[in-house]
Amino acid sequence: MDEFLGKAVNFVEEAVTQTVMSQVHFIEETVAKVVKKPEVTLHDVIVQSVSFDSITLLAKVSVSNPYLTPIPIGEVNYILKSADSVMASGKMADPGLLMPLNLTLLVIEVKVPYSVVITILRDVSTEWAIEYELQLCFTFDIPVIGDITIPITEKGVIKLPTISEFLIGGEKEDKDWFSLKNWI
């Protein structure tokens, strides 16, 4: 009799749990489909400056805000890799806010120690070009919903300035580098 009663209790517990959890999963899936998320796009990675100890790269990123209120960017973490080696990693200081129903342009500064660049150039290329993979992880604090994390990964090639370009000055930078037409 005790065995029968135990099986009946287990059956009822499983049935109730399954019914409740299926409704919870349905609600989670529905909210995930309905709630809009900011969209992040990496446009370009360029060399900003070369010093005796490091190379400073700039990653141009646009982030759209689909909401009627400003959204604070909690943090932006980055990892820059080349040939499966980490060249640099870190966090962007004070990323700011996404303006309502607008596109926000961010510039993420990445400093790569010169010793790392030279090691990778020896192993990878003789053309002063480095293949890279940039992993960005954006965390947004959306009111009512909470924190949403959006990771993106992009691959490309960074063309480093040659020694003559570095000493002479090389090509002139586009004066309208921060204008919207250069981002899209």
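Buried means under 20% relative accessible area, exposed means over 50%, and partly exposed is the range in between. The model is predicted. The exercises below work through its elements, its sheet and its side-chain pairs.

**Exercise 1. Classify the two residues of the K91 and E75 pair: is each buried, partly exposed or exposed?**

Step 1. Take E75. Its relative accessibility is 28%. The cut-offs are 20% and 50%, so E75 counts as partly exposed.

Step 2. Take K91. Its relative accessible area is 53%, so K91 is exposed.

Step 3. Look at the contact. The side chains of K91 and E75 meet in a salt bridge, at 3.4 Å from N to O. K91 lies in strand β4 and E75 in strand β3, so the pair ties together parts that are 16 residues apart in sequence.

**Exercise 2. Describe the open sheet: in which order do its strands run, and which strands stand at the edges?**

Step 1. The sheet has 3 strands, in the order β1-β2-β6, with antiparallel pairing. β1 (39-50) and β6 (103-113) stand at the edges; each has a single partner strand, so one side of each is left without a neighbour in the sheet. From one strand to the next, the twist averages 20 degrees.

Step 2. Follow one pairing. β2 (residues 54-64) and β6 are joined over 11 bridges in the antiparallel sense. A59 has I108 as its bridge partner in β6.

Step 3. T104 counts as buried, at 12% relative accessibility. Beyond neighbours within four places in sequence, T104 is in contact with V61, S62, V63, L97, L98 and M99.

**Exercise 3. Classify the aromatic pair of F138 and F140: what are the centre distance and plane angle?**

Step 1. The count comes to 1 aromatic pair. Such a pair is described by the distance of the centres and the angle of the planes.

Step 2. The ring centres of F138 and F140 are 6.0 Å apart and the planes are at 10 degrees, so the pair is stacked. The cut-off for stacked is planes under 30 degrees apart.

Step 3. F138 is buried, at 0% relative accessible area. F140 is buried too, at 0%.

**Exercise 4. Summarise the chain: how many helices and strands are there, and in what order do the elements run?**

Step 1. The protein chain has 3 helices and 8 strands. From the N terminus on, the order is α-β-β-β-β-β-β-α-β-β-α.

Step 2. Of the 184 residues, 30% are buried. The accessible surface comes to about 12200 Å², and 58% of this belongs to carbon and sulfur atoms.

Step 3. Among contacts with a separation of 6 or more, residues 24 or more positions apart account for 67%.

Methods. Residues numbered from 1 in each chain as written. Predicted model: local features only at pLDDT ≥ 70, side-chain atom pairs only at ≥ 80, totals over all residues. Heavy atoms only, no water. Pairing = 2+ DSSP bridges. Helix = DSSP H or I, 4+ residues; strand = E, 2+ residues; numbered from the N terminus. Axes fitted to C-alpha atoms, helices over the stretch in contact; angles between N-to-C directions. Buried < 20%, exposed > 50% of the residue type's maximum accessible area, 1.4 Å probe, protein only. Contact = heavy atoms within 4.5 Å. Salt bridge = Lys/Arg side-chain N within 4 Å of Asp/Glu carboxyl O. Phe/Tyr/Trp six-rings, centres within 6.5 Å; stacked < 30°, edge-to-face > 60°. Areas by Shrake-Rupley, 256 points an atom, 1.4 Å probe, with all protein chains shown as cover.
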